[in-house]
Amino acid sequence: MFLKRKKIYPQNNVEGKKTIDEKKWQIALENSNVGLWDYDVTNGKVFYSKESKAILGYKDHELTNSVMEWNKRVHPEDLETYFNDFNTHINGSLENYRNEHRILCRDGNYKWVLDKGKVVESDFNGKPTRIIGTHTDITYRKKKEEQSERYLELITNQNQRLHNFTHIVSHNLKTHIGNFKKYFRIS
């Protein structure tokens, strides 16, 4: 006698599907250490995921949903390009927003963050009403880039010194060879 196995299907209603999709995104974000931000332009509020807050060293409940929570922490030397890149995207000149900037963390140190986003909703006039994006801690990569630049500078400097040394040696050898030729012709 064979028993029929009952097939279990996911809920067919929209609410059940939405919950499953939300869980997938939440797990993906948690496992990738990528923060999410969702900017409601109309109300001037931003949702920062706990991962975004964790990048700064804060717990989920310790930061408000204010645009200023992030903006006031951007390194002063990076503010101009940060705002220019964001405004260029909002004005429609760039399809995607992308900026690398330093951000002040709870411990007083700065981390490098890759900030990406895209307008996902606009009003009838084409003015953005909602922008969603991500924060990724790229401090390790930036430190490696700085280290590589220092190594390249060191190697370039040493190469230049070696080039100068070979030029001096070559000049000195030519001088000595010229002296030898004079000496042996005279004798």
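Keep in mind that the model is predicted. Lys50 is partly exposed, with a relative accessible area of 43%. Show its contacts, skipping residues up to four places away in sequence: Lys50 touches Glu30 and Asp60.

Now step back to Ser49. Ser49 is found in the loop between strand 2 and helix 2. Is Ser49 buried or exposed? Ser49 is buried, at a relative accessible area of 5%. Leave aside neighbours within four places in sequence, and Ser49 is in contact with Gly35, Leu36 and Asp60.

**Across to Trp37**

Draw a distance between the C-alpha atoms of Lys50 and Trp37. The value is 9.8 Å, for two residues 13 apart along the chain. Stay on Trp37 and turn to the rings. The model has six aromatic pairs. In one of them, the rings of Trp37 and Phe86 have centres 6.3 Å apart and planes at 55°. That angle falls between the cut-offs of 30 and 60 degrees, so the Trp37–Phe86 pair is tilted.

Colour by secondary structure next. Trp37 lies in strand 1, residues 34-40, and Phe86 in helix 4, residues 79-90. The pair therefore ties together parts that are 49 residues apart in sequence. Check burial on each side. Trp37 counts as buried at 5% relative accessibility. Phe86 counts as buried at 17%, because the limit for buried is under 20%.

How are the rings of Tyr39 and Phe86 placed? Their centres are 6.3 Å apart and their planes stand at 45°, so this pair is tilted. Here too the pair links distant parts of the chain: Tyr39 is in strand 1, Phe86 is in helix 4, and 47 residues separate them. Both Tyr39 and Phe86 are buried.

Phe86 is one of its contacts.

Trp37, Tyr39, Phe86 and Tyr97 form one aromatic cluster.

**Widen to the core**

Which residues of the largest nonpolar core touch the most other members? Select Trp37, Tyr39, Leu56, Trp70, Phe86 and Ile103; these are the ones, in a core of 17 residues. Strand 1, strand 2 (45-48), helix 4 and strand 3 (97-104) each supply at least two residues of this core.

**Out to the charges**

How many salt bridges does the structure hold? It holds twelve.

Begin with Glu77 and Arg102. They form a salt bridge with the closest N and O atoms 3.2 Å apart. Glu77 lies in the loop between helix 3 (67-71) and helix 4, and Arg102 in strand 3, so the bridge ties together parts 25 residues apart in sequence. The two ends are set in contrasting surroundings. Glu77 is exposed, with a relative accessible area of 63%, whereas Arg102 is buried at 18%.

Move to Lys118 and Glu95. Their salt bridge brings the closest N and O atoms to 3.3 Å. This pair also links distant parts of the chain, 23 residues apart: Lys118 is in strand 4 (residues 110-122), and Glu95 is in the loop between helix 4 and strand 3. Lys118 is partly exposed, with a relative accessible area of 34%. Glu95 is exposed, at 58%.

Now take Glu100 and Arg141. The closest N and O atoms in this salt bridge are 2.7 Å apart. Glu100 is in strand 3 and Arg141 in helix 5 (residues 139-186), so look for a link between distant parts of the chain, 41 residues apart. Glu100 counts as partly exposed at 21% relative accessibility. Arg141 is partly exposed too, with a relative accessible area of 32%. Salt bridges that share partners join Arg98, Glu100, Arg141 and Lys142 into one network.

**Last stop**

Where does the charged end of Lys142 sit? It is over the ring of Trp112, 4.4 Å from the ring centre.

Key. Residues numbered from 1 in each chain as written. Predicted model: local features only at pLDDT ≥ 70, side-chain atom pairs only at ≥ 80, totals over all residues. Heavy atoms only, no water. Phe/Tyr/Trp six-rings, centres within 6.5 Å; stacked < 30°, edge-to-face > 60°. Helix = DSSP H or I, 4+ residues; strand = E, 2+ residues; numbered from the N terminus. Buried < 20%, exposed > 50% of the residue type's maximum accessible area, 1.4 Å probe, protein only. Lys NZ or Arg CZ within 6 Å of the ring centre and 35° of its normal. Contact = heavy atoms within 4.5 Å. Core = buried A, V, L, I, M, F, W, Y, C linked by side-chain atoms within 4.5 Å. Salt bridge = Lys/Arg side-chain N within 4 Å of Asp/Glu carboxyl O.
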